[in-house]
Amino acid sequence: MTGFEVRHTASVEETERLGEALAPAVRAGDVLALSGPLGAGKTRFVAGLARGLAAAARVRSPTYTLVNEYPGRVPLVHLDLYRVARAELDGLGLEDHREAAALVVEWGEKLPAALRSDALTLEFEIVSEHERAVTAHAEGGRGSELLAAWRALATARTPASPTPARKGR
């Protein structure tokens, strides 16, 4: 199954709930490649995903640490490739991490093609100060299975945010 599916969020909390709602479909070995500009909601989505995977730790952007690991129902390895050159990727042990955890990679477009080919790709777009559009697509394999789970979320109603949206998505 190929194709794409777009979801819109109107607050930080809705972006987090979107990640949390996808968590039941995620398992060790999965790759989620996130792309989009700074402030588009990538880390907030990962915070919700981690919560849905029962990770107790507070999710922080791995921009400077490069890799953050969160134990949970499914271990989560959160990477940020913003400052990483493609030539440096081998030193991160991506395949080793993937064996035992789900990989969620910000600036996922820098991932090697072999990892992207089986990934669920999520593209974050800033629509307005509070609204974000998140487009999911996959080309095959496990990514397509995760896209099917994402599509199932499209039929579920995301509750309205109970609090005003915050900046710093």
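**Close-up views of the predicted model**

**View 1. Glu-69 in strand E3.** Glu-69 is exposed, with a relative accessible area of 55%. Here and in the views below, buried means under 20% relative accessible area, exposed means over 50%, and partly exposed covers what lies in between (1.4 Å probe, protein chains only). Glu-69 belongs to strand E3, where strands (E, at least two residues) and helices (H or I, at least four) are DSSP runs numbered from the N terminus. In space, Glu-69 and Val-59 are 9.2 Å apart, C-alpha to C-alpha, and in sequence they are 10 residues apart. A note for all the views: this is a predicted model, in which local features need pLDDT of at least 70 and side-chain atom pairs count only at pLDDT 80 or more, while totals for chains, interfaces and linings use all residues. Residues are numbered from 1 along each chain as its sequence is written, and side-chain values use heavy atoms, with hydrogens and water left out.

View 2. Let us step back to the strands as a set. An open sheet is formed by 7 strands in the order E1-E7-E6-E2-E5-E4-E3, with mixed pairing; two strands count as paired if DSSP finds at least two bridges between them. E1 and strand E3 (67-70) stand at the edges, each with a single partner strand, so one side of each has no neighbour in the sheet. From one strand to the next, the twist averages 20°. Angles here run from 0 to 180 degrees between N-to-C directions, and axes are lines fitted to C-alpha atoms, for helices over the stretch in contact.

**View 3. Strand E7 and its partners.** How many of the 7 residues of strand E7 are buried? In strand E7 (residues 132-138), 6 of the 7 residues are buried, which leaves the strand mostly covered. E7 pairs with E1 in the antiparallel sense over 7 bridges, and Arg-7 has Val-134 of E7 as its bridge partner. Strand E6 (residues 120-126) also pairs with E7 in the antiparallel sense, over 6 bridges. Here Phe-124 stands opposite Val-134 in E7. The hairpin that joins E6 to E7 runs through 5 residues.

View 4. E2 and E6 pair in the parallel sense over 4 bridges, and Leu-34 has Leu-122 in E6 as its bridge partner. Helix H1 lies across E1, E2, E6 and E7 and runs at about 135° to E1. Contact, for such packing, means heavy atoms within 4.5 Å. Helix H2 lies across E2, strand E4 (76-80), strand E5 (102-106) and E6, at about 155° to E2.

**View 5. Arg-151 and Glu-5.** The structure holds 7 salt bridges, each being a side-chain nitrogen of Lys or Arg within 4 Å of a carboxyl oxygen of Asp or Glu. One of them links Arg-151 with Glu-5, whose closest N and O atoms are 3.7 Å apart. Arg-151 is in helix H5 (residues 141-155) and Glu-5 in strand E1 (residues 3-9), so this pair ties together parts that are 146 residues apart in sequence. Arg-151 is partly exposed at 24% relative accessible area, and Glu-5 is partly exposed at 22%.

**View 6. Two further salt bridges.** Arg-44 and Glu-16 form a salt bridge with 2.8 Å between the closest N and O atoms. Arg-44 lies in helix H2 (residues 42-52) and Glu-16 in helix H1 (residues 12-22), so the pair ties together parts 28 residues apart in sequence. Both Arg-44 and Glu-16 are buried. Asp-30 forms a salt bridge with Arg-142, the closest N and O atoms being 2.6 Å apart. Asp-30 is in the loop between H1 and strand E2 (31-35), and Arg-142 is in helix H5, so parts 112 residues apart in sequence are tied together. Asp-30 is buried at 1% relative accessible area, and Arg-142 is buried at 12%. Salt bridges that share partners also join Glu-16, Glu-20, Arg-44 and Arg-51 into one network.

View 7. Most residues other than glycine have a negative phi. Ala-54 has a phi near 65°, a positive value. Ala-54 sits in the loop between H2 and E3 and is exposed, with a relative accessible area of 53%. Trp-107 has a positive phi near 65° as well. Trp-107 is found in the loop between E5 and helix H4 (113-116). Is Trp-107 buried or exposed? At 13% relative accessibility, Trp-107 counts as buried.
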